[in-house]
Structure formats: structure tokens, C-alpha cells
Amino acid sequence: MTQKSSKLILPRTAAVSRREALKMGAVGIGGLAVGGSVLAACGGDDSGSTATTTAAPATTAAAATTAAPGLDKVKAHWVYIGPPDDNGWTEAHDIGRQVAQNALGDQLETAYTPNIGFDASTTQLFQQLVDDGNHLIFANTEYAGLMSVVAEENPDTFFVETNGHTWLDNILPFYLAHEIPAYLLGIAAGHMAANGRIGYIGAFPTATAYNDVNGLLLGARSVNPDAVVETVLVSTFFDPQKAAQAANALLDSGVDFLFGVMDEPTFMQISEEAGIWTGYWNGDFASARNAAPTKFVASFELTELGPFYTEQCRRVLNGTWASVAEGDVILLDNPLSDWGPNVPQHVKDEVAAARAAIDSGELSVYQGPLNDNEGNQRLAAGEALDSKGGYAIDWAVEGVSGI
Amino acid sequence: MISAQVLALIDNAFLSLVGSAIPASTVVLLAATGAMLGERVGVLNLGQEGLIGVGAVYAVIAVLSWGITSPWLALLIGMAAAALAGLIFAVAVVVFRANQVLVGLALALGGVGLSNQLGTNRNGTPIQNTFQEVSLGGSFEDGSVLEAFLFHDPIVYLAYIAMPVALWFLLFRTRHGMNMRAVGENPAAADAVGVSVMRSRLGYTVLGAALSGAGGAYMVLSFTPTWSPDIARGRGWVALAVVIFAGWRPGWVVAGALLYGSMISLDTTAQARGWELPFFGPSDLSFFLSMLPYVVTLIAILIPAGAAKIGRRVRATAAPGALAIPYWREER
């Protein structure tokens, strides 16, 4: 099946090598060269049932190992919100990309585009990546409509969107369920913040941010009923200058624990200088620990990305890739990292006990009765919200300010 | 009746705002002063955004790759790199008399691109060798008025006090300064009395570029000690607006930069303090506040324009007469 955007349509019988064909962007994804002579210029590997023809049966040297129509090589591309060397979010995703590359070797061709923001050129980029013959495109943030308009028109290219809320047959959303590590870190913060005031530097008022502040607050309140979370939103994930200003403003106003969703650890360095405990969202990086050598408490681990990316690429290879039902999402665990050097033992023990209680199902982060910070009751007594429920959350718990 | 508590709150918030606005404005102050210096001799350098980036990235490289431990030396390296970029610009527009607007835009875009390229693999790496705050008058209590004003790093004092005073004296109290202004107002007249237009324009454009580079270096050596792509993030353009707001006077550049910096600080301070605005929920407030510095900058540059309209202080706030016009000795 040729793509809508292609300018060149090959006759079905044209003898063109697969590589050339892909270069020209003339064929849809997944045409399988059979016997090296004739190219079936039609995609047929997807499970979305939009393709009308399937690849010719592989019977010769290129025989597939699985029964399902698949590919001999997957071309995958990662689109990053920031630079892949940010010592944080995007670097964690890029490490995940490398894990997939190493796991699948010659069967996978990967590339990435860094520093992609939210504007019309983003849509053009996704279109370009489709035209370049990518089978699978990963986005490490939620590009929403900027990506889905391209996905909609190119049903044979698969998209995997971090924190996505768009469901198509070819868009798979996944989510790093982090209200649990936030809750665990909140327990530590509740103990360690002398005045019970926790500062949070966020980017945008999204479910991610609500799960951060809610987890922190509920964890902290479980050990200190007077704990509060004070939020500053800076409308960006990667702007060290803004993050530093937010950190200074929060520290000036007197918070005793500083956490942030920033993609880089500058705010932790400022927290260290002010002698205030601090934690990090984006993975366990040495630079985050070095930024706050004595005041580092813990970070959220992002080590699940590598295996997840590998699995997605493998499914495209095998022809078994599929999205999830509308409203559903793939949840990845992101556990709390190893503790910083000066975290007291009783805090570590208490957090370990809470983790065990969560794992066994005894404890739930969102446990009613819960009010939001505008005074409305959101969960009645006895009600609870699981991680998938948390994924759709759009309210902050009472005790959180600034969001 | 205003209770003591409310007064204390206002006082406290004001101090927090001032304390963070002063360092936040320093970048814009240095870049605006650099731009003003060039404009005073008739050279419009729109490349501030690029010069800030070049100054910042070379300071980062000096510390992270060349093993420079002194922030002063790193600052000088950043300034030298920006001066070199400024020299290329100056040669193009002064010697070859290229269009200043076009070359300036090229410098802005090229400088940002170059610095982003050089900054690759240094993103987000913390810089440890930073300028430390020094007190300008003994020790203060935490959160006191004096601390907000008198506890900053040495670059802040140089930028806010030494530099404007020195430039004011140079421009308005020395014969050399008068010659400089003449080159900017009427280069043919200056040329006729034996002032070298080319030397003056080259020299002050390069010096101005070095100051803009110092602004970039200051960002990574003190304000937020790390490299990030597009580090200037519009501060270079704001600096150009500040020069117009200030009417090309060094003291007013300080005021303009502080106004901008206060708005930047208001963004985070207002949120951290939980201030509420009518019509805005807390999560909308963040978007409104991040827009504010640019809105205020826009309004601020309308003030001298408005003053010119109604005929007050026109001469004092008018742009140098030969701004952005190449000088040809043969032409009348």
C-alpha cells in the first residue's frame, strides 16, 4: 500500500531493491522482499487490519521464523522533547533506545530527533519520519494532536506515545505510573522536612504533575498531618534558568524539601547550596547525585523503558504489534532509586514497609475520603483510585497549593 | 487599617522579589549595555541573542573541558569568544559596510546555532566553579532589606554600579565620550574634526559584544550554573528593547533591565507565595505570569515613543542620528 504523501508510485512488478524503495519513500511500511527479485510494494505486517493485501508468502531464503507476517528489519525513530544528554528524562529514554538497539542488533535500525517542542513543525517532523519509511515512532512526551493527525493518515506506521491520551489503532500510549514513588518519597519528605513544607517545581498542570504533588502530599501527610506541598509551574520541562528561579523562589519562601519534574538537576544544586533536602524525578543519574552530594534523598528510576522499547520493536518485527483499547494505557513501574547518603535509617525502613504494603494491595495511594484543594470531595470513604485512575486525574489533593 | 502582619507580608514578598530580580536582570543589563555601547557609535547589533549564547557556551567549555577553575578566567574566555564573534560582525558592517540589520540577524541565528552545537554533550551538567556571593557591608540577618540589596556576587556589583557609572562618565564627561557620541550622531562631522569613525565603531562594537558575552557567561557561572540549548531564550531581544526604553543612557538601562527582571521573578515568586489573581486559577496563573515580562517590555518601549509624540524630552531619548547607517567618507 502506498502512502498518501508519496509522490512516486511504483508499478507492482517493478524490480527495485528494498533499500532503494524505502529511500524513495515510495512504499508503505513492511513490504517484504521475497527472493530478492520482486518487491511486493504493499505493507501487510500491521495488526490494524487496514492493509488490503499482505506480503507475499515468504518461502525462500528470507523465510520468516514466525508464522505471522513480520519484517526482517524494523526502522524505528525516537522523537525527544529535550537533548539526549540532559542527565534526565530524555537521556533515560535514549538509554532505553540503546537497550532496544543492543537487544535486537541488526534487526533494528534506530535514530532520534532531539529538542522537539510543541508547534506546527512538530507535525511536519512526524510526517517526514513516516515518509522516511519508519515502521515505529516513539515520542518521549505527549504530542497529542500534533502527532495524531499524522498517525490518522498513516495507519501502517505505529506510534508509541509517552503519557499519551490519544487512542488510535496505531497509537499506543504508555505511562510511568509514579504516584507510588511520589508517595514513598513523600513519606521521606514528611519526616525530613522540619517544617512540613515541600516545594515542587512542575511544568504544566497535567496528570503527571497532579500525581507528583498528590503522591508527595499524601505520603507526607501519612507521617506529618500538617504537611503541605507548594507548587511553582514553569511551563517547560527543560529550562535550567527558569527552574533555578523557581527553586530560589520556593527556597526563599521557606520550603524544607524540594522536588521537581525538571529534566535536568540544576534545581538540586541550588537546594544543596541552601542546605535543603531534595529529590529528582528523572532517573538515577550520577549528575543528580553530584548536584546535591549531601542533600540528595532519592529519585524515580526509569529503567523500565529499555525493556519496554525492546518489546515494542520486537512486536513490530513479529507482526504482533497492537495498541490498547480506548481509555486504556500501558503502565510502567518506576520504583524509587537507592537512597542518598544522609537519609536516616528509620525513614528507609518506613518507606520499605509502605512499599511492601502497596505491593501486597493493603495500601493504596488514593484512598478516600479525599478532598481536592478547592474543597470538593473527590473520593468518598472507602473509595480508592488505582494507577489507571490516577492516569486520568485532573485535581490536586487538599494541602497542595499553586496548581 | 493595615495590620503589622500584612505589612510584614508585603515587606517579605518585596524583598524576595528584589533579591531574585537583581540577579535575574543582570544578563539583560550586560547585554543591553553592550548593545547600547555599539549603538552610541552608530552600529546596531541585533545579534545579542547569539552573543549571549557564544559567551555562555565558551564559559561552559572553559570550565568543563579546559579545566579552568577560576570563574573570573572563564568569564574572560566567554567575553573573548563573544568579542571575536563581535569582531566578525563589526568588520562586516563597518569595514565592508554590509547591512547592519541583516548581518545582525545572521549573528543572532548563527550564534545561537553555534552555541547549541558546541554545547552538545554538556547539557544539564552542573558547573561547580561559580561566583560566590559577597557582602557589601558586613553580615545581615536572613531575609533583611540589606541582604536583598547587598548580598550578591561580584559581577552583580560590577554590572549595576561600576559599569553604568564608568560609562556615564565616559560618555558624558570626557572628550573621548563626546567624540563617540559624535560618531553615532554625525560621523561626517566627527570625521572632519579628525575622529576615526572606523576605529571608534570597530572598537566599541567589539567591546559591546564582549559585554553581551559577559552576560551569557554570567548566566552559566552564577545565575543557573549549567548549559542548556537556546540559553538566552529571548533575553537578547529584550536587551535591545531595554536600550530603546532607556533612551541610550547607561543609568536608564539599569532601570529597564530591573523592570524586566522583576517581571521574570514575579512569575516564580508569585506562585511560590501562593498569590492569587482575579480571573485566574492557580494553574492558569503560571501561563499569564510567564507572558508578563514580554508584555511589560512592550509597554515599556512605548513610553519613550509616547514621550517623543507629545514633544517632551525628545532629544534626550532619541536614537543616535546615524544609527544603522554605514559611513562612507565620500558621501555627503
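**Note on a predicted model: cavity, helix face and sheet**

1. Three helices of chain B, α10 (235–245), α11 (250–272) and α12 (282–309), each give at least two residues to the lining of the largest cavity. Keep in mind throughout that this is a predicted model. Which helix supplies the largest share of that lining? It is α12(B), with 5 residues.

2. B:A241, B:V242 and B:F245 line the largest cavity, together with B:G256, B:L259 and B:Y260. The lining also takes in B:P293, B:V296, B:T297, B:A300 and B:I301. By class, 9 of the lining residues are nonpolar and 2 are polar. None is charged.

3. Now the volumes. The largest cavity holds about 60 Å³. How many cavities reach 30 Å³ or more? The count is 4.

4. Helix α7 of chain B spans residues 175–185, and its buried residues include B:G177 and B:M180. B:V183 and B:G184 of this helix are buried as well. Why do the buried residues of α7(B) line one face? Viewed down the helix axis, they fall within an arc of 115 degrees, so one face of the helix carries them.

5. Turn to chain A. An open sheet of 6 strands runs in the order β4-β3-β5-β6-β7-β13, and the pairing is parallel.

6. Strand β3 of chain A, residues 74–79, pairs with β4(A) in the parallel sense over 6 bridges. Which residue of β4(A) is the bridge partner of A:W78? It is A:Y112.

7. Next, β5 and β6. Strand β5 of chain A, residues 136–139, pairs with β6(A) over 4 bridges, again in the parallel sense. In this pair, A:I137 stands opposite A:F159 of β6(A).

8. Is strand β6 of chain A, residues 158–162, enclosed or open? Buried here means under 20% relative accessible area. By that cut-off 5 of the 5 residues of β6(A) are buried, so the strand is largely enclosed by the rest of the structure. Both directions are covered. A:F158, A:V160 and A:T162 point one way from β6(A), A:F159 and A:E161 point the other way, and all are buried.

Methods
Residues numbered from 1 in each chain as written. Chains lettered and ligands numbered in written order. Predicted model: local features only at pLDDT ≥ 70, side-chain atom pairs only at ≥ 80, totals over all residues. Heavy atoms only, no water. Pairing = 2+ DSSP bridges. 1 Å grid on protein atoms, 1.4 Å probe; cavity = no way out; pocket = protein on both sides within 12 Å on 5 of 7 lines; lining within 4 Å. Points joined across faces, edges and corners; volume = space filled by probe spheres on them. Nonpolar A, V, L, I, M, F, W, Y, C, P; charged D, E, K, R; others polar. Buried < 20%, exposed > 50% of the residue type's maximum accessible area, 1.4 Å probe, protein only. Arc of directions from axis to C-beta.
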